[in-house]
Amino acid sequence: MTTSSPDQMKNPSMETFSEPQTLISKAKSFIASQRKSIKPWKEFIHSPELPKTTSKFRANYIVVSLILAAYTLVTSPFLLLSIAVLYACWTFASLRKEAGPVIVFGHEYTSQDLLRGTFVLAIVLLYMASATSALFWLIGASLAFILIHASFITIPSPEQLEESV
């Protein structure tokens, strides 16, 4: 059994609530001080080098994005298989336009019907292969790489280039 002081016996909740109150007041004062030191968002985002860097390395960034796209397909074999199947179905439906309709179990299917079926199959296969998550990963990874690279690279001015030659 623990012994308590007479002050704690009179108001046992006094010590329990004093700590959270001081934490809350410290948090409020910290937030207030941080609000005062926030710089304008235009100043935070604006980097005079970013547009120059992205335009100079545009082709390199496209290659990096294509490499990331290839990595996405290689690491997701079901997505790769789905794209291959959809391409085969689309090619078959396109070639059947000249050859005439396809007859399956007594039903006649035109090229338009085959393309509609390919579209429905595309929705199902791409949903099952998580194509949207792969696409968003690709966009995010590409943007992260491009922005990180562009923010750390400085392009020398033409005068600096002449001096170094």
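This is a predicted model: local features need pLDDT of at least 70, side-chain atom pairs count only at pLDDT 80 or more; totals for chains, interfaces and linings use all residues.
Student: What percentage of the residues in the chain is buried?

Tutor: A residue is buried under 20% relative accessible area, exposed over 50%, and partly exposed in between (1.4 Å probe, protein chains only). Here, buried residues make up 13% of the 165 residues.

Student: How many helices and strands has the chain, and in which order do the elements run?

Tutor: Helices (H or I, at least four residues) and strands (E, at least two) are DSSP runs, numbered from the N terminus. This chain has nine helices and two strands. Starting at the N terminus, the order is α-α-α-α-α-α-β-β-α-α-α.

Student: What share of the contacts joins residues at least 24 apart?

Tutor: A contact means heavy atoms within 4.5 Å. Among contacts between residues at least 6 apart in sequence, 71% join residues at least 24 apart.

Student: Which residues of helix 5 are buried, and where do they fall around its axis?

Tutor: An α-helix has 3.6 residues a turn, so residues three or four places apart point the same way. In helix 5, the buried residues are Tyr61, Leu68 and Thr72. Seen down the axis, these buried residues fall within an arc of 45° (taken from the directions from the helix axis to the C-beta atoms), so they line one face of the helix. On the other side of helix 5, the exposed residues are Ala59, Leu66, Ile67 and Val74.

Student: What span should helix 5 have?

Tutor: The expected span of a helix is 1.5 Å times one less than its number of residues. The 18 residues of helix 5 should therefore span 26 Å, and its end C-alpha atoms are 26 Å apart, which agrees.

Student: Which residues of helix 7 are buried, and against what do they pack?

Tutor: Helix 7 covers residues 111-128, and its buried residues are Ser111, Leu114, Thr118, Ala122 and Leu125. They fall within an arc of 90° when seen down the axis, so they too line one face of the helix. These buried residues pack against helix 6, strand 1 (102-104) and strand 2 (107-109). The face turned away from the buried side carries the exposed residues Phe119, Val120 and Tyr127.

Student: Where is Ser82, and which residues does it touch?

Tutor: Ser82 is placed in helix 6 and is buried, with a relative accessible area of 1%. Leaving aside residues up to four places away in sequence, Ser82 touches Leu125 and Ala129. The C-alpha atoms of Ser82 and Val124 are separated by 9.6 Å, although these residues are 42 apart along the chain.

Student: How many aromatic pairs are found in the whole structure?

Tutor: Rings of Phe, Tyr and Trp (its six-membered ring) pair if their centres lie within 6.5 Å; planes under 30 degrees apart count as stacked, over 60 as edge-to-face and the rest as tilted. The search finds two aromatic pairs. Tyr71 and Trp137 form a tilted pair, 5.9 Å centre to centre, with 40° between the planes. This pair links distant parts of the chain, as Tyr71 is in helix 5 (residues 58-75) and Trp137 in helix 8 (residues 131-152), 66 residues apart. Tyr71 is partly exposed at 49% relative accessible area, and Trp137 is partly exposed at 38%. Tyr87 and Trp90 form a tilted pair as well, with 6.1 Å between centres and 40° between the planes. Being three residues apart in helix 6 (residues 77-99), Tyr87 and Trp90 are separated by about one helical turn.

Student: Where does Phe105 lie, and what is its phi?

Tutor: Most residues other than glycine have a negative phi. Phe105 is not a glycine, yet has a positive phi of about 50°. Phe105 is found in the loop between strand 1 and strand 2 and is exposed, at 82% relative accessibility. Ser130, in the loop between helix 7 and helix 8, also has a positive phi, near 55°.

Technical notes:
Residues are numbered from 1 along each chain as its sequence is written. Side-chain values use heavy atoms; hydrogens and water are left out.
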